[in-house]
Amino acid sequence: MKSPETHNSPLGKRPTLYDVASHAGVSPSLVSLYLKAPERISEKRRGAVQKAISDLGYRPSRAATTLASSRTKSIGLVIDDYRNPWFVDLLRGMESILSDLGYQVMLADSRPGENRIKEATDGLLAMHVDALTLAAEPSDAMLSGIRVPTVVAGWRNGVPDGADLITNDDDGGGTLAANHLLELGHLRIGHLSGSDGASAHRRAGFLRAVETAGVEPVISQSPGTSEEDGYQAAVRLLDGHPETTAIFAANDTMAVGAFAALKARGLSVPNDVSVIGYDNSPLAKSRYLDLTSIDNRSDLVGVATARRLLARIEDPALQPEQTLIEPALVLRGTTSIRG
């Protein structure tokens with residue numbers, strides 16, 4: 001039985017595009033089109049090419065593909081903190097669409113700081129990415145527009161000119177969290193918030209719901225949304241308002257910080273204080289934490305982002321749009337009826 005390397009090619013020679021074409025019974029130009037835009041090929045022929053590539057163990061040269069096309073088949077993704085698990089589902093959603101079409105996602109971590117964000121973006125643009133996803137706060141210098149199709153994923157304090165915005169309905173999610181706690185009978189509710197765009201929308205939805213219910217909210221805001229930010233914000237909240245019976249954290253990571261602050265005071269969750277997070281991240285899903293959370297459907301944000309970028313690549317004249325993904329409440333063990 002012949003190995004993939006020897007089928008239709010001399011012993012030891014790496015299979016070529018022409019070998020794939022011969023094996024699939026199609027022309028070399030059709031294989032080239034498959035490598036650049038598989039969606040433009042019929043399902044039958046696409047399947048034949050895919051099988052030939054698999055049978056032969058063919059690996060296309062990215063450099064050769066780039067030279068044959070004005071596209072690099074790469075999408076840049078700028079995030080602001082590797083530690084935030086929200087990005088895991090966002091990336092997974094993007095790759096579920098892009099990978100089958102031969103695109104790769106190039107990731108850059110900007111970390112907080114206006115210059116660093118611009119540097120990360122400029123670095124991806126220097127690699128000639130076909131499009132860009134910003135899952136970080138754009139700097140002021142970036143708001144005048146970026147010259148490739150761009151989607152901002154998640155609410156930000158600014159959106160570059162010409163960019164699409166695809167995000168969870170964070171206002172609605174904040175309202176969901178507040179209404180859940182109110183329905184459980186909590187009247188002393190604190191909110192741990194950050195300073196980014198998503199936190200602002202979650203805070204606005206939360207405030208609207210509790211104020212409508214006639215309940216006075218307490219906000220403890222931090223510059224960031226890390227676990228340490230959550231811990232410090234919860235400490236300030238509990239020091240100033242020890243009567244608090246429920247806490248809504250701007251994300252699941254801040255909620256973990258709140259757990260630590262409550263434990264330090266000898267308070268248990270949810271018997272003494274109910275806690276609800278946001279993002280429905282792997283942290284929330286862990287059996288140990290079992291955290292009630294608002295699912296921001298970041299996987300669907302990723303899917304919608306990938307599809308929009310592909311559409312903008314094919315038709316740069318498309319006008320930017322705003323898309324909201326509906327959130328959902330996921331009940332677990334950290335919220336309970338106020339006794």
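Predicted model: local features only at pLDDT ≥ 70, side-chain atom pairs only at ≥ 80, totals over all residues.
**Entry 1: aromatic pairs**

I began with the rings. How many aromatic pairs does the count come to? The count comes to three. I looked up W86 with F87 next. Their ring centres lie 5.1 Å apart and their planes meet at 75°, so I logged this pair as edge-to-face. The cut-off for that label is over 60 degrees. Are W86 and F87 buried or exposed? Both W86 and F87 are buried.

Then I turned to F248 and Y278. The centres of these two rings are 6.4 Å apart, with the planes at 40°, so the pair goes down as tilted. Where in the chain do the two residues sit? F248 belongs to strand 8 (residues 246-249), and Y278 belongs to strand 9 (residues 274-278). They are 30 residues apart, and the pair links distant parts of the chain. I checked burial here too. F248 is buried, and Y278 is buried as well.

**Entry 2: around Y278**

I stayed with Y278. Which residues form one aromatic cluster with Y278? I found F206 and F248 there. I also noted a charged neighbour. R202 lies over the face of Y278, 3.7 Å from the ring centre.

**Entry 3: salt bridges**

Next came the charged side chains. Opposite charges on side chains can pair when the charged atoms come close. The count comes to eleven salt bridges. I followed up some of them.

K118 and D122 meet in one of these bridges, at 2.8 Å from N to O. How many residues apart are they in helix 6? They are four residues apart in helix 6 (residues 114-126), which means about one helical turn separates them. I wrote down accessibility for both ends. K118 has a relative accessible area of 31%, so I marked K118 as partly exposed. D122 comes out at 33% and is also partly exposed.

R297 and D299 form another salt bridge, with their closest N and O atoms 3.3 Å apart. R297 is partly exposed, at 27% relative accessible area. D299 is partly exposed, at 27%.

**Entry 4: R308 and its partners**

I gave R308 its own entry. R308 forms a salt bridge with E321, and the closest N and O atoms are 3.8 Å apart. What does this pair tie together? R308 lies in helix 12 (residues 298-314), while E321 lies in the loop between helix 12 and strand 11 (322-325), so the bridge ties parts that are 13 residues apart in sequence.

Burial came next. R308 is at 13% relative accessibility, so I listed R308 as buried. The cut-off for that word is under 20%. E321 is partly exposed, at 45%.

**Entry 5: a nonpolar patch**

L176, L329 and L331 make a nonpolar patch of about 240 Å². Where is L331 found? L331 is in the segment after strand 12 (328-330). Its relative accessibility is 56%, so L331 went down as exposed. The cut-off for exposed is over 50%.

Conventions. Residues numbered from 1 in each chain as written. Heavy atoms only, no water. Patch = residues over 30% accessible without salt bridge, like charges linked within 9 Å, V, L, I, M, F, W, Y side chains within 5 Å. Areas by Shrake-Rupley, 256 points an atom, 1.4 Å probe, with all protein chains shown as cover. Salt bridge = Lys/Arg side-chain N within 4 Å of Asp/Glu carboxyl O. Buried < 20%, exposed > 50% of the residue type's maximum accessible area, 1.4 Å probe, protein only. Phe/Tyr/Trp six-rings, centres within 6.5 Å; stacked < 30°, edge-to-face > 60°. Lys NZ or Arg CZ within 6 Å of the ring centre and 35° of its normal.
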